[in-house]
Amino acid sequence: MALRSRILGCGSYLPENIVTNEELAKTVDTSDEWIVARTGIKQRHIANEGELTSDLARKAALKAIEHAGIDVQDIDLIIMGTTTPDNTFPSTATKIQAQLGLTHGFAMDVQAVCSGFMFALATADNFLKAGQGKTALVIGAETFSRLLDWEDRTTCVLFGDGAGAVILRAEESDGESAGILSTHLHSDGQHQDILMVDGGPSSTQSTGHVRMAGKEVFRHAVVNLAEVVKEALEDNNLTAEDIDWIVPHQANKRILDGTAKKLKVSTDKVIVTVDQHANTSAASIPLALDAAVRDGRIKRGDLLILEAMGGGLTWGSALIRW
Ligand code: UT7
């Protein structure tokens, strides 16, 4: 018998303020046709002034806690994927810890940009499997709009704000039971320039803006995502045919389709929410997961593969028996 992390529940939150492609086209040289054709995005949610990453994260976390049916005091660790913390320090995870009324255990942020939820999930899973805590709150939350150059049409149309969360619990497993079967993480810092923010506390003492060589990132994404899914399947003696649902990072519908095609998985098995909220970086996987769990597509016993790629470059996957 070994410990396995089971997902007890999930939750998500999107800010109320919706900005459609048409609305964006009034302030930047773009069109609904271009955005939909190139990305599948129809709208994004943008946090109001004063609405912080921690506000979105807390709302998603409370929904996950309720969905899981746990007592908030059961939470031993909080791992939060975010690139848009409220402050440079302390970690936004410690703010959430305080807001939830927790004074035991520990909380920390993980920074892997769009792969942030994968890295946070893998970190929490490994702590739980090592016996260093029994229940984990894992969050992906961003106010990515705050990093955008609203005059750069090649990036500002692509991103949005949001948050998602899951509750993990370590349980003894006989190998057949539900939970996280494996996680695989990668990074390759050689490609850091193709997707980055041109500022930071140490370099410019400012926040900076997102800069991206879109075509380059696209090319790496399809290759790396297909590879990291294959790696997960091989490690578990499974094949692409065993997958019930791909729950991908929601960056671009064309990347989702391209990855599914490379894996020879039907696009019907891909959870797509990018049309509703654009690329919300670390929040996008738990947003997509929560949508598909709550609308009944994902059922207990289903095999899910979560996958993401982001700045760094970083990429990873998690194979999960729901
Ligand atoms: O989460 C991971 C992070 N990001 C990603 O995964 C994104 C990866 N990349 C992509 O999704 C795509 O590369 C984009 C959606 C960013 C761009 O799509 P593309 O098919 O690679 O277009 P492109 O960059 O080659 O641009 C084609 C044309 C250009 O005009 P010219 O040079 O052909 O005259 C751009 O200037 O489209 C123009 N363009 C736009 N036109 C209208 C670029 N952005 C826009 C825009 N509206 N917003």
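User: Which strands does helix α5 lie across, and at what angle does α5 run to β6?

Analyst: In this predicted model, helix α5 (residues 116–129) lies across β1, β4, β5, β6 (135–143) and β7 (161–173). Its direction is at about 165° to that of β6. Another helix, α10, also packs on the sheet, where α10 touches β1, β6 and β7. The direction of α10 makes about 85° with that of β1.

User: In what order do the strands of this sheet stand?

Analyst: The sheet is open and has five strands in the order β1-β7-β6-β4-β5, with mixed pairing. At the edges are β1 (2–13) and β5 (106–110), each of which pairs on one side only. From one strand to the next, the twist averages 20°.

User: How many bridges join β4 to β5, and which residue stands opposite Ile78?

Analyst: β4 and β5 run parallel and are joined by five bridges. Opposite Ile78 stands Ala107 in β5.

User: Where does Lys264 lie, and what is its phi?

Analyst: Lys264 is not a glycine, yet its phi is positive, about 60°. The residue sits in the loop between α8 (253–263) and α9 (274–277). Ser281 likewise is not a glycine and has a positive phi, of about 55°. Ser281 is placed in the loop between α9 and α10 (284–294).

User: Is Lys264 buried or exposed, and is Ser281 buried or exposed?

Analyst: Buried means under 20% relative accessible area, and exposed means over 50%. Lys264 has a relative accessible area of 75% and is therefore exposed. Ser281, at 1% relative accessibility, is buried.

User: How many disulfides does a search of the whole structure find?

Analyst: A disulfide is a covalent bond between the sulfur atoms of two cysteines. The search of the whole structure finds zero disulfides. Cys114 is in none, and its nearest cysteine sulfur, that of Cys156, is 16 Å away. The cut-off for a disulfide is a pair of cysteine sulfur atoms within 2.5 Å. Cys114 counts as buried at 5% relative accessibility, and Cys156 is buried with a relative accessible area of 0%.

Definitions and conventions:
Residues are numbered from 1 along each chain as its sequence is written. This is a predicted model: local features need pLDDT of at least 70, side-chain atom pairs count only at pLDDT 80 or more; totals for chains, interfaces and linings use all residues. Side-chain values use heavy atoms; hydrogens and water are left out. Helices (H or I, at least four residues) and strands (E, at least two) are DSSP runs, numbered from the N terminus. Buried means under 20% relative accessible area, exposed over 50%, partly exposed in between (1.4 Å probe, protein chains only). Two strands pair if DSSP finds at least two bridges between them. Axes are lines fitted to C-alpha atoms, for helices over the stretch in contact, and angles run from 0 to 180 degrees between N-to-C directions. Contact means heavy atoms within 4.5 Å.
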